Amino acid sequence: MSSSLPGFFQGTEMPDAGWWEALWPDPVGVLAAVGVKGGMDVIDLCSGDGWFTLQIAKIAGRVVAIDIDSNLLEVARHRLAENGITNCEFVAGDAYDLVKLAPRPADFVFMANAFHGVPDQLRLARAVHEVLKPGGYFAVVNWHQRPREETTILGQPRGPKTELRMSPQQTIQAIEPSGLKYAQVVEVPPYHYGAVFERRRA
Ligand SMILES: C[S@@+](CC[C@H](N)C(=O)[O-])C[C@H]1O[C@@H](n2cnc3c(N)ncnc32)[C@H](O)[C@@H]1O
């Protein structure tokens with residue numbers, strides 16, 4: 001089980017059923033909503049099997065996909081190779097070590113479906129702050145703080161335990177002390193939101 005890996009964030013296992021694709025039929029729309037733009041240097045943090053990574057790489061100038069589970073990175077590597085994508089680097093490691101894993105300054109750090117499980121969220125946000133260029137963005141895509149029984153996909157409750165889920169306000173409160181400035185919250189239907197932060201320019 002991946003979740004036995006040391007440092008694995010709670011409640012962030014990659015789903016093994018086909019419901020992920022049903023939940024995220026339009027990953028490009030999610031990226032557009034949070035502000036990923038053409039030519040950016042992007043880090044896909046906790047990238048999993050590459051469902052979002054593939055679409056980021058199609059838009060971005062360069063991508064670094066980081067995940068603690070090297071087996072999932074291999075799945076992602078194949079997904080991108082099958083699509084002829086060559087601008088993505090795959091790095092196995094703990095998200096806390098972001099600065100070491102991806103030292104080149106980034107325009108955008110994208111983190112979907114993982115922030116809720118990070119035990120020391122301020123530590124992670126500080127690491128993100130450090131790797132971002134001034135004016136760069138951090139987007140956290142989180143499940144809304146709704147009871148798990150209500151977030152059904154293909155007829156079953158899905159996603160992290162109810163008690164792990166964070167409201168947009170809680171996410172903002174967890175991240176702003178790092179120095180990253182809150183920019184916006186966007187809705188990502190049916191069950192998610194994206195909270196976007198900016199590294200100050202000066
Ligand atoms: C629910 S999956 C989401 C994957 C992808 N972001 C997506 O939305 O399709 C969460 C990912 O976080 C990874 N993960 C868990 N703990 C981690 C850590 N400490 N550092 C880096 N990745 C981690 C897991 O291996 C898993 O692939």
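A pocket is taken here as an open set of points, on a 1 Å grid over the protein atoms alone, with protein on both sides within 12 Å along at least five of seven lines, and lining residues have an atom within 4 Å of a point. Grid points are joined across faces, edges and corners, and a volume is the space filled by probe spheres set on the points. The structure is a predicted model, in which local features need pLDDT of at least 70 and side-chain atom pairs count only at pLDDT 80 or more, whereas totals for chains, interfaces and linings use all residues. Residues are numbered from 1 along each chain as its sequence is written, and side-chain values use heavy atoms, with hydrogens and water left out.

The largest pocket has a volume of about 650 Å³. Of the 35 residues that line this pocket, Thr12, Glu13, Met14, Pro15 and Asn113 are the closest to its centre, and the elements that contribute two or more residues to the lining are α1 (19-23), α3 (51-59) and β2 (62-67). By class, the lining comprises 19 nonpolar residues (Ala, Val, Leu, Ile, Met, Phe, Trp, Tyr, Cys and Pro), seven charged residues (Asp, Glu, Lys and Arg) and nine polar residues (the others, Gly among them).

The protein has seven helices and nine strands, these being DSSP runs (H or I, at least four residues, for helices; E, at least two, for strands) numbered from the N terminus. Seven strands form an open sheet with mixed pairing in the order β3-β2-β1-β4-β5-β9-β8, two strands being paired if DSSP finds at least two bridges between them. Strands β3 (88-92) and β8 (181-188) stand at the edges with a single partner strand each, so one side of each is left without a neighbour in the sheet. The twist averages 15° from one strand to the next, with axes fitted as lines to C-alpha atoms (for helices over the stretch in contact) and angles running from 0 to 180 degrees between N-to-C directions.

Strand β5 (residues 132-143) pairs with β9 (residues 192-198) in the antiparallel sense over seven bridges, and Tyr137 stands opposite Glu198 in β9. Helix α6 (residues 121-131) packs on the sheet, where it touches β1 (41-45), β4 (106-112) and β5, and its direction makes about 145° with that of β5; contact here means heavy atoms within 4.5 Å. Strands β8 and β9 also run antiparallel, joined by seven bridges, with Gln184 opposite Val196 in β9 and a hairpin of three residues joining β8 to β9.

Definitions and conventions
1 Å grid on protein atoms, 1.4 Å probe; cavity = no way out; pocket = protein on both sides within 12 Å on 5 of 7 lines; lining within 4 Å.
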